[in-house]
Each structure stands twice: as C-alpha cells, then as structure tokens.
Amino acid sequence: MGVSVDVSRMAVQCVKYIIGIGNIPDSVLAALKDHKDLGIHSEMFSDGVVDLVEAGCVTNHHKKVLPGKIVGSFCIGSKKLYDFLDNNPFVLMGDVQWVNYSPIIAQNPKVTAINSCIEVDLTGQVAADSIGTRMYSGFGGQVDFLRGAAICPEAGKPILALPATTKRGESKIVPVLKEGAGVVTTRAHVHYIVTEYGIAYLFGKSLRQRAHALIQVAHPDHREGLEKAAFERLKCMPSP
C-alpha cells in the first residue's frame with residue numbers, strides 16, 4: 001500500500017508511536033522492517049509490533065521515558081501477541097492517563113505519531129470517530145499523540161494516514177465534513193496528511209494553501225471536483 005510506504009519514509013530512526021488497529025497501522029508496521037533501533041510508546045498495539053521485535057527492529061535504546069521497554073496501555077491481537085506479552089520484562093503496560101499524556105510522549109526523541117481517520121475536509125478538519133451522526137469508533141489517544149509529537153523538541157512528526165478513497169470509491173478528502181460529524185483533530189493541530197498519492201503538510205498554512213495541498217494527495221478522479229468545491233467555499237482558487 002502506497003500510504004504505508006510514504007509513512008515509512010517519513011519515519012526517522014528512534015522512537016515510533018503506532019496507534020490503533022486496522023489496515024493502515026498494520027501496513028505501516030510491515031513497512032518499517034528495514035528500520036533499526038525503533039522504540040514503541042503507544043496507547044495500544046497488536047501483532048505487528050511482535051513481528052518488528054522478532055526482526056530486530058525494536059530496541060527502545062533511544063527512548064528517554066523507560067528506555068529499553070515497549071510501553072503501552074492495552075493490546076488486541078492473536079495468541080502470538082499474548083504469548084509475547086506473558087511475563088515479558090521488555091514490555092510495560094501502564095495507566096492510559098500516563099501513557100497518553102502529551103508532555104510524557106514529547107520527552108522522547110524524534111517522536112513519529114501515526115494515526116488514521118475517516119475523512120478530512122479541505123481546511124484540514126479531521127473526523128475520526130463518526131460518519132456523519134453515526135458513531136463509528138472512539139478516537140482514543142489520537143489528539144494526545146499528535147500533540148505529543150508536535151511539541152517534541154527533537155524532530156517530531158504528527159502524521160494522519162488514510163487511503164484517498166473508501167471501498168466504494170468515495171473521496172476521503174472532502175469539501176466539508178458530513179453533517180453531524182465530530183471534529184476530533186482540529187485544523188490547528190494537523191501537520192501531515194498522507195495518502196497513497198503523497199504527503200500534504202498543512203501546519204501554518206492558509207486555507208487556500210491547505211486546500212491546494214490536500215487536493216494534490218486526493219484520488220485523481222476527485223481532484224477537479226474538489227478544486228471547484230474549494231473555489232465555492234473559499235471564493236478563490238487553491239494555490240501553494
């Protein structure tokens with residue numbers, strides 16, 4: 001999957017924070033197997049982390065918060081995962097209010113926070129827990145970890161990764177969020193949006209610049225429609 005390749009290229013050596021379950025987190029973890037000296041500090045993790053440990057990619061040597069240990073608050077996975085966790089001194093499971101505390105996260109070097117979402121509008125507002133008024137999931141530690149990476153003094157990268165379209169071919173980059181959808185990550189906190197078509201960096205940009213950057217990473221079939229919608233909303237053409 002192209003989105004996982006782009007994320008893995010952005011992910012510098014040292015500490016990684018991989019949040020959530022599903023196709024995006026799993027494919028990103030698989031794409032990190034060429035990396036070395038990774039560290040894990042995550043709200044939750046699954047089998048993909050075990051594969052990285054077995055491949056020798058995870059050492060946790062460079063972490064400043066509990067160096068030498070994988071840190072998490074809960075896990076979901078197969079028997080392989082639970083066998084790995086059983087009485088393993090390499091893993092520390094902590095209280096979620098401590099694990100997800102942004103100032104704790106930011107103490108580690110080169111934090112790369114990788115999250116996913118449901119849709120992003122042309123100004124950078126992110127819906128991650130609902131599809132319109134219908135609740136889809138909880139948003140968990142998304143905001144905590146994106147903020148932790150953003151305030152990390154050593155080259156942190158807050159990343160939101162998503163496929164450009166749904167399984168039905170609908171664009172996940174949209175003119176406006178669906179009516180009733182909740183904004184989980186505000187446009188003031190968004191930094192990197194990654195799809196299989198590239199990377200859009202939004203932090204500090206105007207709405208016009210944001211719309212342009214997001215259209216460039218949308219599916220080509222939807223770009224013309226998004227450009228027209230951006231003009232109607234912003235009363236100007238998107239531009240870098």
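Glu119 and Lys178 form a salt bridge, with their closest N and O atoms 3.1 Å apart; the term covers a side-chain nitrogen of Lys or Arg within 4 Å of a carboxyl oxygen of Asp or Glu. Glu119 lies in strand β8 (residues 119-121) and Lys178 in the loop between β13 (173-174) and β14, so the pair ties together parts that are 59 residues apart in sequence. Helices (H or I, at least four residues) and strands (E, at least two) are DSSP runs, numbered from the N terminus. Glu119 is buried, at 2% relative accessible area, whereas Lys178 is partly exposed at 40%. Buried means under 20% relative accessible area, exposed over 50%, and partly exposed in between (1.4 Å probe, protein chains only).

The model is predicted: local features need pLDDT of at least 70 and side-chain atom pairs count only at pLDDT 80 or more, while totals for chains, interfaces and linings use all residues. Residues are numbered from 1 along each chain as its sequence is written, and side-chain values use heavy atoms, with hydrogens and water left out.

The salt-bridge count comes to eight.

| Asp51 | Lys80 | 2.6 Å |

The salt bridge of Asp51 with Lys80 joins helix α3 to helix α4, so parts that are 29 residues apart in sequence are tied together. Asp51 is partly exposed at 26% relative accessibility, and Lys80 is also partly exposed, with a relative accessible area of 36%. Asp51, Glu54 and Lys80 are linked in a network of salt bridges.

Helix α3 (residues 47-54) has six of its eight residues buried, so it is largely enclosed by the rest of the structure. The buried residues are Asp47, Gly48, Val49, Val50, Leu52 and Val53. They pack against α2 (23-31), β2 (39-40), β3 (44-45), β4 (70-72) and α4 (79-85), where contact means heavy atoms within 4.5 Å. Just after α3, Gly56 has a positive phi of about 80°.

Strands β14 (residues 192-195) and β15 run antiparallel and are joined by four bridges; two strands pair if DSSP finds at least two bridges between them. They form a hairpin with two residues between the strands, and Tyr192 stands opposite Tyr201 in β15. In a regular strand the side chains alternate between the two faces of the sheet. In β15 (residues 198-201), Gly198 and Ala200 make up the covered face, and Ile199 and Tyr201 the uncovered one.

Helix α8 (residues 207-216) packs with helix α9 (residues 220-234) at an angle of about 170°, their axes being 10 Å apart. Axes are lines fitted to C-alpha atoms, for helices over the stretch in contact, and angles run from 0 to 180 degrees between N-to-C directions. The two helices, α8 and α9, are therefore roughly antiparallel, a term for angles over 145 degrees, with those under 35 counted as roughly parallel, 65 to 115 as roughly perpendicular and the rest as oblique. The contact involves Leu207, Arg208, Ala211, Ile215 and Gln216 of α8, and Arg223, Leu226, Glu227, Ala230 and Leu234 of α9.
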